[in-house]
Each structure stands twice: as C-alpha cells, then as structure tokens.
Amino acid sequence: MDKKIGKYTVYNIVGQLIPTIIALFAVPIIIQKLGEDQFGIITLVAIIFGSSVLFDIGMGRTTSKFVANAIGEKKDFDIPIIFNNAVILQFFIGVLGAGIIVISAPILCSNIFNIPIQYIPEAITSIRLAGLSIPIVLITGSCRGVLEASQKFGILNLVKIIYSSLNYLAPLIGIYFGWGIYEIIIIFVILRLFQLLLLYRFCVYFYPTIGGVPRLNHKYFKKMFIFGGWVGVSNVLSPIQENIEKYL
C-alpha cells in the first residue's frame with residue numbers, strides 16, 4: 001500500500017509539474033503577442049471551463065464512489081449502469097448550463113467584467129463557445145471518476161499532462177499561424193473533446209460493456225442523485241474559492 005501511495009504521489013507531482021513548466025514559458029509570450037485585453041478574454045474562457053463543475057452536482061465524485069463500491073463488492077457488471085446514469089444526467093444538466101452561459105454572455109461582458117468596448121463582441125462569442133463545451137466537461141468527469149475508482153492514476157496523469165500542456169501550447173501555435181481569439185477558443189473546445197474521447201476510450205478498454213447507447217437505471221439513478229446533491233455543495237464552493245482572484 002505504501003509503495004502504491006508513493007507511486008501515485010509521484011504521478012500527481014509530475015502531472016502538475018510538467019504543465020506548470022510549460023506555462024512559465026508560454027504565458028509571457030502569449031500576453032506579449034495578444035496583449036493584455038485579449039489575454040484577459042482567454043482567461044475568462046478558462047474561468048468558464050473551470051467553473052463548469054458548478055453544474056456537475058457532484059456526479060464526477062459520485063461516479064468514482066459508486067464504481068469503487070462496485071469493484072470492492074465484485075459487482076463489475078454494475079459499472080456500466082453507474083456510468084450510464086451519470087452520463088445521462090450530466091448531459092442534460094450540461095445542456096442546461098450551456099444555455100445559461102450562452103444567454104448570459106452579453107450581461108457578463110457588458111455589466112459584470114471590465115472589458116473594453118471594442119472587445120465586447122469578441123468576448124461574448126468566446127464565452128458562448130466555452131459555454132457550449134459544458135456537456136463535454138461534465139461527461140469527462142464521469143470518465144475520470146471510473147478511472148479514479150479503478151486506481152488508474154498513471155493513465156489519468158498522462159492524459160492530464162497531454163491536455164494541460166496542449167492548453168498552453170495551443171495559443172502559441174495559433175499566434176504563429178496568425179489565428180484570432182475565435183480560432184484559439186475553438187482549439188480549446190476541441191482539446192476538451194479530445195480529452196473526453198481519450199478518457200472514454202480507456203474506460204471502454206477496461207470495462208468493454210460501458211460502450212453503447214447510455215440507458216437510465218432508476219434504482220441507481222435515485223441513489224446517485226441524492227449522494228451527488230450533497231457532494232455538489234462543495235463543487236459550488238470550491239471553484240469560487242479557487243478562481244476568486246481571476247474573477248476580481
């Protein structure tokens with residue numbers, strides 16, 4: 001057990017360290033090339049991505065908990081049922097969240113955030129593009145929950161390193177090719193989709209019965225919804241605490 005904890009700790013440290021090193025080199029260049037105002041728009045988009053868990057109602061952690069219980073009780077046949085319930089719920093909540101962000105984007109840009117007038121149309125479109133990716137972000141949480149419960153931390157950190165590194169490198173690539181903010185934000189959304197598909201592929205690899213059209217199971221749905229509701233309270237508070245300085 002001690003060896004496993006040490007190994008997983010190393011995985012987590014490496015998963016944090018490599019993207020941080022890349023960010024130290026990439027961010028100053030991005031700010032210099034795009035300017036503070038346009039970089040601010042990218043930061044707002046990053047906040048939208050990070051705050052997507054506000055709509056999660058704890059389903060990511062709930063998936064991890066219920067899958068871990070199923071593994072412990074030797075009920076692997078329940079894992080696809082748990083996963084499907086989480087995906088269906090997160091999809092519909094994600095669509096609702098996307099609608100809220102799309103509708104409220106003009107208010108956020110005009111009345112909440114201090115955005116120069118000439119950049120407001122650009123900021124509105126960028127935030128809406130980020131909002132449309134909320135279902136992707138939430139379903140990704142379910143895939144991550146399955147792999148966490150299965151103790152596949154090496155895979156999770158590998159995907160995290162790839163995704164986080166590309167998140168910082170994408171604007172540099174866009175700047176090199178002369179792309180604007182819209183194209184860079186679209187790349188961010190594509191990266192989110194790439195992360196989801198990669199994690200989903202690993203889930204299917206370890207649990208082949210996960211593949212297929214998700215179906216709702218009322219027995220598990222009620223239990224997961226109740227448990228997730230309590231976990232969701234911390235999901236609301238944590239992003240606010242972590243991103244408060246960015247909002248300000």
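A nonpolar patch, as the word is used here, is made of residues with over 30% relative accessible area and no salt bridge, with nonpolar side chains joined within 5 Å. Keep that in mind as you look around; the model on your screen is a predicted one.

**Stop one: the nonpolar patch.** Select Leu-158, Ile-162, Leu-166, Leu-169, Ile-173, Tyr-176, Phe-177, Trp-179 and Phe-194, and show their surface. Together these residues make a nonpolar surface patch of about 870 Å². Which helix gives the most to it? Colour helix 7, residues 153-176, and you have the answer: six residues of the patch come from there.

**Stop two: the ring cluster.** Stay with the patch and pick out Tyr-176, Phe-177 and Trp-179, all three of them among its members. Show their side chains: ring pairs link them into a cluster. Now click on Trp-179 by itself. You'll find Trp-179 in the loop between helix 7 and helix 8, the latter running over 181-206. Is Trp-179 buried, partly exposed or exposed? Its relative accessibility is 34%, so Trp-179 counts as partly exposed.

Move along to Gln-195, which sits in helix 8. What does Gln-195 touch, once you leave aside its neighbours within four places in sequence? Select Thr-140, Arg-144, Val-159 and Tyr-163, and you have its contacts.

**Stop four: two phenylalanines side by side.** The structure holds five aromatic pairs. For one of them, select Phe-91 and Phe-92: the ring centres are 5.4 Å apart and the planes meet at 75°, so this pair is edge-to-face. How open are the two residues? Phe-91, at 40% relative accessibility, counts as partly exposed, while Phe-92, at 57%, counts as exposed.

**Stop five: a charge over a ring.** Next, bring up Lys-65 and Phe-66. Here the charged end of Lys-65 sits over the ring of Phe-66, 5.1 Å from the ring's centre.

**Last stop: the salt bridge.** How many salt bridges does a search of the whole structure find? The search turns up one. To see it, select Glu-73 and Lys-75, whose closest N and O atoms are 3.6 Å apart. Glu-73 counts as partly exposed at 49% relative accessibility, and Lys-75 counts as partly exposed too, at 34%.

Technical notes
Residues numbered from 1 in each chain as written. Predicted model: local features only at pLDDT ≥ 70, side-chain atom pairs only at ≥ 80, totals over all residues. Heavy atoms only, no water. Phe/Tyr/Trp six-rings, centres within 6.5 Å; stacked < 30°, edge-to-face > 60°. Buried < 20%, exposed > 50% of the residue type's maximum accessible area, 1.4 Å probe, protein only. Lys NZ or Arg CZ within 6 Å of the ring centre and 35° of its normal. Patch = residues over 30% accessible without salt bridge, like charges linked within 9 Å, V, L, I, M, F, W, Y side chains within 5 Å. Areas by Shrake-Rupley, 256 points an atom, 1.4 Å probe, with all protein chains shown as cover. Salt bridge = Lys/Arg side-chain N within 4 Å of Asp/Glu carboxyl O. Helix = DSSP H or I, 4+ residues; strand = E, 2+ residues; numbered from the N terminus. Contact = heavy atoms within 4.5 Å.
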